[in-house]
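Hi there,

Here is the structure I said I would pass on to you. Have it open while you read, and then go through my notes below.

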Amino acid sequence: MKAIVIVATLLSLLISFAHADVATPEPAEQHEKNIEMCTQNLLAIGKAIEAHQKEHGDFPAWLSDLYPKHLADANVLLCPSDKEGGKPIYTPSTDPEMPVSYSYELNPQYRGWKTEQRKVYGDAMPIVRCRHHANEDFVALNLSFSSRVYRSVNTWEFQPEDIYESVEETIVTLAAGIQQHPDNAYLTYVYPALVRLYMEVEREEDAENLINRYKETLKPDSIREHFVLGDMLQIMNRDEEVLQLFTKLEKLAPKNRSVFRKLGEIHEKLGNAELANEYRIKADPARALIGKPVPDFSATDLDGNSISLAQYRGKVVLLDFWAVWCGPCIAEMPNVKAVYDTYKNEGFDIIGISLDTDENRLRDYLTENEIPWRQVFSGKGWESPVARQYDIRGIPAPWLIDRDGKLISHRARGEALENMVLEALKE
């Protein structure tokens, strides 16, 4: 298959998807049956993509472009484990024409990024992915550019051996990619992964040589490259060197919370508990509010009515910073709804703080998914006044607040949400 090289999209999109929630586990027998059916779907999609490429000299823009000429049965685009009937887990992967369960890696938003990655990782990397079978063994079922189906972690770049047939093949491919494309911006995860694999096969000298070569080309003002070096040094258990690296980096980027977070981790590992806590609070200032009163806000909800935290005093409140475009937010929403439905009559309520910019899209989502609690919407996205007041840097950011207005947690998600709500209501 040929790829068209176009401008690369933002690598940072990868991080926003790395920790997204995935499918609810199925009974074992049905789980394996659905995986087999999904595998056949992926292979059929692969053949259809090849036929489309042969006719047009290019990949389709969306998987729906394959239907009906190259893919006669539209049901092939639906995973048997997809309970939403073609509603993808990640909103950016939504096909504009028809229900599709699968994430297409060459859709217009990701095509430049994935084309550049392919230069390094080759045809073993995924072109179509399914995340509807997740269990403790794997998260994604993938179809590669070379039409092989395999299982992997969610973010395969963190564990690239999943996409190749052996560790040896992984090492050879990644080493060649680094040598052939040394300036490729998409090598961020290749270096640490290769160092880790070298250590696993007891090739410590090769790992040391790779780190030394990387140091020679490291740009003094590149925060990203310093983090890559830090990851490699941590794999080698060179903790003191990691500390020196990030202490130096703190001077270069004195307000960078990722640097603070890394310093907190390394100080904790070295047994410096007090310093570790100081840096954790610098990285995540909301930690300092836990157990303390949450400052009030004043805004207008979607219906034009005034709303504030003070109006909810005496209730346990989830102040939920989210957006329709946020994949992890949408994946978490069924859990939030279930907790709301269970405890809404016992003193629990929710205030949504939407970081969307499209009001119609927000309203449509709320209506379609029967979201009943009040929403604050400014249309300013990350510049939302309430989000700025609480210094929100990433979503979902679910702040759980007790009856007295004190912060219980600023990460109230998953199973922990119900447990925390139940405990707060008892108190």
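Asp391 counts as partly exposed, because its relative accessibility is 31%. For that label, buried means under 20% relative accessible area, exposed means over 50%, and partly exposed is in between, with a 1.4 Å probe and protein chains only. Before going on: this is a predicted model, in which local features need pLDDT of at least 70 and side-chain atom pairs count only at pLDDT 80 or more, while totals for chains, interfaces and linings use all residues. Residues are numbered from 1 along each chain as its sequence is written, and side-chain values use heavy atoms, with hydrogens and water left out.

Back to Asp391: its phi is near 55 degrees, a positive value in a residue other than glycine. Asp391 sits in the loop between α13 and β10. (Helices are DSSP runs of H or I with at least four residues, strands are runs of E with at least two, and both are numbered from the N terminus.) Ser147 also isn't a glycine, yet it has a positive phi of about 70 degrees. You'll find Ser147 in the loop between β3 and β4 (149–152), and at 25% relative accessibility it is partly exposed.

Why point these out? Most residues other than glycine have a negative phi, and most peptide bonds are trans. On the peptide side, the bond from Tyr67 to Pro68 is cis, with omega near 5 degrees, and Pro68 is in the loop between α2 (28–56) and β1. Ile395 and Pro396 are joined by a cis peptide bond too, with omega about 5 degrees; Pro396 is in the loop between α13 (385–389) and β10.

**Two helices to look at**

Which residues of helix α14 (residues 414–426) are buried? They are Leu417, Val421, Ala424 and Leu425. Looking down the axis of α14, these buried residues fall within an arc of 95 degrees, so they line one face of the helix. (The arc is that of the directions from the helix axis to the C-beta atoms.) On the other side of α14 you'll see Glu415, Asn419 and Lys426, which are exposed. The buried residues pack against β7 (316–322), α11 (327–343), β8 (348–354), β10 (397–401) and β11 (407–409), where contact means heavy atoms within 4.5 Å.

Now try helix α8 (residues 239–252). In α8, Asp239, Val242, Leu243, Leu245, Phe246, Leu249 and Glu250 are buried. Seen down its axis, the buried residues of α8 fall within an arc of 165 degrees, so they line one face as well. Gln244, Lys248 and Lys251 are exposed on the face turned away from that side. The cover over the buried residues of α8 includes α7 (223–235), α9 (257–269) and α10 (273–283).

**The cores**

In soluble globular proteins, nonpolar side chains tend to be buried together. A nonpolar core here is a set of buried Ala, Val, Leu, Ile, Met, Phe, Trp, Tyr and Cys residues joined through side-chain atoms within 4.5 Å. The largest one has 67 residues, and those with the most contacts inside it are Ile45, Ile49, Leu63, Tyr102, Tyr121, Ile127 and Val128. Helix α5 (residues 190–200) gives the most to this core, with 7 residues. Apart from it lies another core, of 51 residues, among them Val336, Tyr343, Ile395 and Leu425.

**Cysteines**

How many disulfides does a search of the whole structure find? It finds 1, a disulfide being a pair of cysteine sulfur atoms within 2.5 Å. It joins Cys326 to Cys329, S to S 2.4 Å, and with 75 degrees about the S-S bond the link is right-handed. Both ends are hidden: Cys326 counts as buried at 4% relative accessibility, and Cys329 is buried with a relative accessible area of 4%. Cys38 is in no disulfide; its nearest cysteine sulfur, that of Cys130, is 3.8 Å away. Cys38 is buried, with a relative accessible area of 0%. Cys130 is in no disulfide either, and its nearest cysteine sulfur, that of Cys79, is 3.6 Å away.

Happy looking!
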